[in-house]
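User: I have a structure open and would like to go through it piece by piece. Can you help me read it?

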Amino acid sequence: MNAMSPTPSKAYDLNFARWVYENVDGGDRMALCMQCGTCSGSCPIGTQMDHGPRKLFMMIRAGMKDAVLSSNTLWNCVSCYNCVVRCPRQVPVTYILHDLAHVAVREGYAQAKESDNARFAKAFWWSAAKYGRTDERLVTAKYYFSFGVGEGIKRGMANQKIAMGMVKTKRMHLGMPHKVKNTGELHAILAKAAEMEAKKHGAK
Amino acid sequence: MSERKTGVYLCSGCGIGESVQVGALEGVAKSEYKLEAKTHACLCGDEGVGMIKADIEAGTNQVVVAACSARVMTDRFGFEPIQVVRADLREKVIWSHPAGDEDTQALAEDHVRMALTQASKIKAPEPWTEGEFSQTIMVLGGGVTGLSAALQAAGLGHDVLLVERADQLGGHARTASKRLPHTPPYDKPEANDIGVLLDAVAANPKITVRLNALVTRTAGMPGKFAVTFADGTIEDVGAIIVATGWRPYDATKLGHLGYGASPDVVTNTDMEKMLAAGQLARKSDGKAPKSIAFVQCAGSRDADHLPYCSSICCQTSLKQALEVLETDPTANIFVIYEEMRTPGVAEELYRQAQSKGVIFIKGKVKAVGADLTVTVADELVQQDVPLAGLDMVVLATGMVPNSTNPDQAMVEYGAEQLNGDVDPEAPIAVAGYCGEAPAAHEKRVQSVPEGGPLLNLQYRQGPHLPVLHDGFADSHYICFPYETRRTGIYTAGPVRRPMDWAEAAEDAAGAVLKAVQAVRSAAAGAALHPRVGDLSFPKINLNACTKCRRCTVECPFGAIDEDEKEYPNVNPTRCRRCGTCMGACPVRTISFDNYSVEMLSSMIKAVKVPDEFSGKPRILIMACENDAVPALDQAGIKRNSWSSHVRVVPVRCLGSVSLLNISDALSAGYDGVMLMGCKPGDDYQCHFVKGSAMAAERLSKVGETLKSMMLEPERVVQAEASIADSDRLPKVIDGFVETIMKVGFNPFKGF
Amino acid sequence: MTTKTMSYYPGCSSQASAVHLDTSLRAVMGKLGITLRDVEDWNCCGASVGHVDGGHLGMYALNGRNLAAAQAQGPEDFVTPCAACYLNSHYHNEKIRGDEALKAEVNEVLAAGGKSYDGSLHVRHSCEVLVNDIGMDAVKAQVTKPLSGLKVAGWVGCQTVRPFAKTERGGNYDAYDDPKFLDDFISACGADAVPFKGKTKCCGGSVSVMSPDKTLHLMKDILDEVKETGAEVVVTPCPLCQTNLEMYQPMINEKFGTDFNFPVMFYSQLMAVAFGLDAEKDAALHQHLIPPQPVLARAK
């Protein structure tokens, strides 16, 4: 594995492409991308992306680290895996976008804090890591309130009808969250994973 | 020659007997030529052929076969050394015209008349075999191509003289690092095995090597070349293979790509040497580069530099990148390309480089700074991208052919010839072009390499080996590879077109086969491509010669020199037998034993021209036998039909058509004349390079003559034909017939 | 009838939005001779967003812990009915199995919780079990109330077949671009599987949950195509697909002026009904925002 790591905030980083090839999940296959555009053409939500995967990959080659890690392409991916199964060079596009999103979080990029997906992911991981289960009610609430109390209430109200329906049909429960029995063991495992991950990338 | 005894044989098979009255054809032979014709229902069968053979046994010494096209059944109707004349009653008569029709019958009868007239005007050629002929093959250039050629020629039993200007053999390969992949799976650089070739050449007793050699003069002709060297020695050789290879494009002209601004901007040839020496280091500080950018098309595919693609620079950069990664897998390598050109299996190398982490950026390099910042107009990101912090920039420069000797100064004499003897700007001006006349060619930038002549040819037409556009020495990349416009001199390797090591070795084999054929044919007095085996050669009646020099100037192959009294002097083994000299001669003093202006005119006049009251025109087509005649045969095979009022006379090349043939036709009452031949011009398809261009030039002067004869210039045209035109040509012919009918009948009819 | 025991990983939605999938699948599998043994103390798979904060090893930790727990109970196949759970378990399992260094790393993580996993389990989707282990003949044999005349659009969605239309034992159980298994399920229940070109279109997944404004048009396209087919009900294997397409119909109608009101069911509910099982206790038909009972009642 290449020891190089992305240098902090650079518009153009000569080492970025090579770093991605060697450190991002699926990056080794990305090296074989031939820019055919099947990925972007297959993306159901490509119209809502600032770049789309094809161009994003070329920006990686151009070393445009800031632009890549600030791109909403990483965050708007709906994980449908159309690009993955259709890529003629077997580039696992979705996995690469996922991993880059994590890199953006690690490096503290704004999109990684401000975007809906980043906020939702934060709430999701909070529930998964704390309880071992995703409690849809808590995750949704935590996500709404990540925008602030006012916005949180507004979003909650907008979806109140749905929430009520889910409660009525017993698909959303009230009361204590679902959780694994052995939370101590789970926390130890996740802590170990986080520690090893941090060591690998140089603690921030 | 003993008394001519001509046997005439008619075939009624393949539907001929059902479509035309063969008995009437017999009658033509008997009443008009006093010859008894024999008809057989299957002349090409054993019985028919047996009948002809029996007559030959009995003393027949010339055979006329009126059956199918002269292009088929050549083995059945070949009776060496007996001369055979063929009349086509099948492809160009019954397959392309209605059966039982009086015009079809008239056409068949005229075909018989033309063949019998032709037979009466020719004799079996006697080959030119005067003096000694050398079987030695000289190879000029001792790189991969030359070494391979030497071994191939020696392997075929010929003595080889291998000539190298440097002090050792091996060429570029000697200082190169690894080779491009040439064995499966074609995905990695392979060992430089030039040593194998060098050892094999050193061990071969049939190969004589001359190092530090400079050719100062090459005189003579195939089978009889006398090559003089700088030390005064003269070697006799039969054929020459020019394998002088290439030189890198002059990088000092690439200032816009940073060359010269930093010592760490190097060329791919510099890189190759560093890799070969195992010392990849920056010239500025001696440090090993950790990040390298390769700039593709550096001075290539660029109107200001080399306009062409050298075809191997992409692969070479891939190879060099992989070599760098072999020693330092963490090196950060960029390849900036416009199009990655990796034809065929070379794609495997591209994939390998991708999977090893080489970073490919598609775009044009806008600038390379002294600090090695490469600014790329990135086509896929659609913005300018600076690559800053590079340690080295490699310019992938292209190949310049050594079609001249870079060690020698350019000589004034012959420079024009080197630039191409067909003026690319000249429109094809003819009296009237049938169909769309070809436009003037766009002027190509001639990038003729600097340098003196390689062989200093003692030819009337100059010391150089003529080049094609872009300066490569070849006469047609696709149709006539290895051929130059100098018979017996063949090019192989990158002097011919850009290519790599493995291709060059194969190319050498092709040129060797040509050279072997050249020395063997020369000794037998036989022609080479495209009239392989033809024993005729041009004979000039100097008593009638006016020393006009047209033949010496117009010969596409420089076969005719001028002697000290300025008379033309034919070098028979240089000649390709196209007859362009014959067509050029204003006083019909040049002819072949079996081909002459008089023969053509007699055939033309043998045709029965109907009078104007019949309402039927008569139109002559002089058709090139290389492409036009086979295309017409093919049209017949496909049962495409055209007007029965035309008469087709096959010619060796439109270059051999004399204006006298045309005026004879008009005097005989033909209403129109069409010359049908190959595409002329800069991107010619003429098998004799410029025969059809010469015909066009001559026709351009016919207009005035026609006017002075009170004839319309529309009556004489030239039409372009390619081998694939079997559907188009019948329409071209019918269109011309229609035009002539509008112009009206020739007033000289029956004059 | 074959009887088999399998490790069962129901996934988080089984306790909330897709509880009706869990209920009906357990009932149906029971009828088909498959005993589902729950993975002890299973946890979340990380779904489509866990990687963001959890990172590479965080995802391996979650999925590795489940696989380790299953293995501790026995070597039986690891079955899950959830598309995201299937994708994550399958992906991480294959990676662990194929890379010794990674396996060691993951085990170092798991060791912190006293667990270990050797990569030898086979992760499977419950649909694939129905296709390969049970077969449609066995399904048909259980049908007592065929849903004749019911027009059903089989909507497979994404992650049930993408990227893993292949099984861990090799070969594809169906095509990732035009899968047939769901239509076969529908036909086995006696209903009409209408030709449905939107069968593998995406509902927007978790992006629909967090920002429906970005993805309502995707679901609207799917519903338009359902309408074109003349189907009365949509059947899907995916928990998130079911929830998204069902709960957003009012919002879609409001935004696009449409009048969609299609019930969206799980294949397991359809089977439970066709098997003649209890409409609430087994088929969980009462847990829909858009009740399917009126449409089902129309079946002959």
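Analyst: We can go through the chains, their contacts and some local details in turn. Keep in mind that this is a predicted model.

User: Ok, chains first. Which pair of chains shares the most contacts?
Analyst: Of the two pairs of chains in contact, it is chains A and C. Their contact takes 54 residues from chain A and 51 residues from chain C.

User: Which elements of chain A give two or more residues to the side that touches chain C?
Analyst: They are α7, α8, α10, α11, α13 and α14 of chain A. The largest share comes from α14(A), with 11 residues.

User: And what's that side made of, by class?
Analyst: The side of chain A that touches chain C has 28 nonpolar, 14 polar and 12 charged residues.

User: How many residues does each chain put into the contact of A with B?
Analyst: Chain B gives 19 residues and chain A gives 15 residues. On the chain B side, the elements with two or more residues in it are α11, β16 and β18. By class, that side of chain B has 10 nonpolar, seven polar and two charged residues.

User: How far apart are the nearest C-alpha atoms of B and C?
Analyst: They are 19 Å apart, and chain B and chain C do not touch.

User: Back to chain A. How many helices and strands does it have?
Analyst: Chain A has 14 helices and zero strands. Its C-alpha trace spans about 55 × 40 × 30 Å along the principal axes.

User: What share of its residues is buried?
Analyst: Of the 204 residues of chain A, 50% count as buried. As for contacts between residues at least 6 apart in the sequence of chain A, 56% join residues at least 24 apart.

User: You mentioned α11 of chain B. How does it sit against α10(B), what's the angle?
Analyst: The axes of α10(B), residues 313-327, and α11(B), residues 346-355, come within 10 Å and cross at roughly 40°. The two helices are therefore oblique to each other. Their crossing is left-handed.

User: Which residues meet there?
Analyst: From α10(B) they are Q315(B), L318(B), K319(B), A321(B) and L322(B), and from α11(B) they are A346(B), L349(B), Y350(B), Q352(B) and A353(B). The residues of this contact divide into seven nonpolar, two polar and one charged.

User: What about chain C, in what order do the strands of the open sheet run?
Analyst: The order is β6-β5-β7-β8 in chain C, four strands with parallel pairing. β6(C) and β8(C) are the edge strands, each pairing on one side only. Between β7(C) and β8(C) there are three bridges, and V234(C) has V264(C) in β8(C) as its bridge partner.

User: Which helix lies across β7 and β8 of chain C?
Analyst: That is α9(C), residues 239-247, running at about 165° to β8(C).

User: Now A18(C). Where is it, and is it buried or exposed?
Analyst: A18(C) is in the loop between β1 and α1 of chain C. It is buried, with 27 other C-beta atoms within 10 Å. Leaving aside neighbours within four places in sequence, A18(C) is in contact with S13(C), P239(C), Q242(C) and T243(C). Q287(C) is 269 residues away along the chain, and its C-alpha atom is 9.1 Å from that of A18(C).

User: Which peptide bonds are cis here?
Analyst: Among them are the bond from H529(B) to P530(B), with omega near -5°, and the bond from R162(C) to P163(C), also with omega near -5°. P530(B) is in the loop between α13 and β22 of chain B, while P163(C) is in the loop between β5 and α6 of chain C.

User: And which residues have a positive phi without being glycine?
Analyst: Y81(A) is one of them, with a phi of about 65°, and R577(B) is another, with a phi of about 65°. Y81(A) lies in the loop between α6 and α7 of chain A and is buried, with 24 other C-beta atoms within 10 Å. R577(B) lies in the loop between β24 and α15 of chain B and counts as buried, with 27 C-beta neighbours inside 10 Å.

Conventions: Residues numbered from 1 in each chain as written. Chains lettered and ligands numbered in written order. Predicted model: local features only at pLDDT ≥ 70, side-chain atom pairs only at ≥ 80, totals over all residues. Axes fitted to C-alpha atoms, helices over the stretch in contact; angles between N-to-C directions. Parallel < 35°, antiparallel > 145°, perpendicular 65-115°, else oblique. Left-handed = near helix turned anticlockwise from the far one by under 90°. Contact = placed C-beta atoms within 7 Å. Nonpolar A, V, L, I, M, F, W, Y, C, P; charged D, E, K, R; others polar. Buried ≥ 20, exposed ≤ 12 C-beta atoms within 10 Å, placed from the backbone. Pairing = 2+ DSSP bridges.
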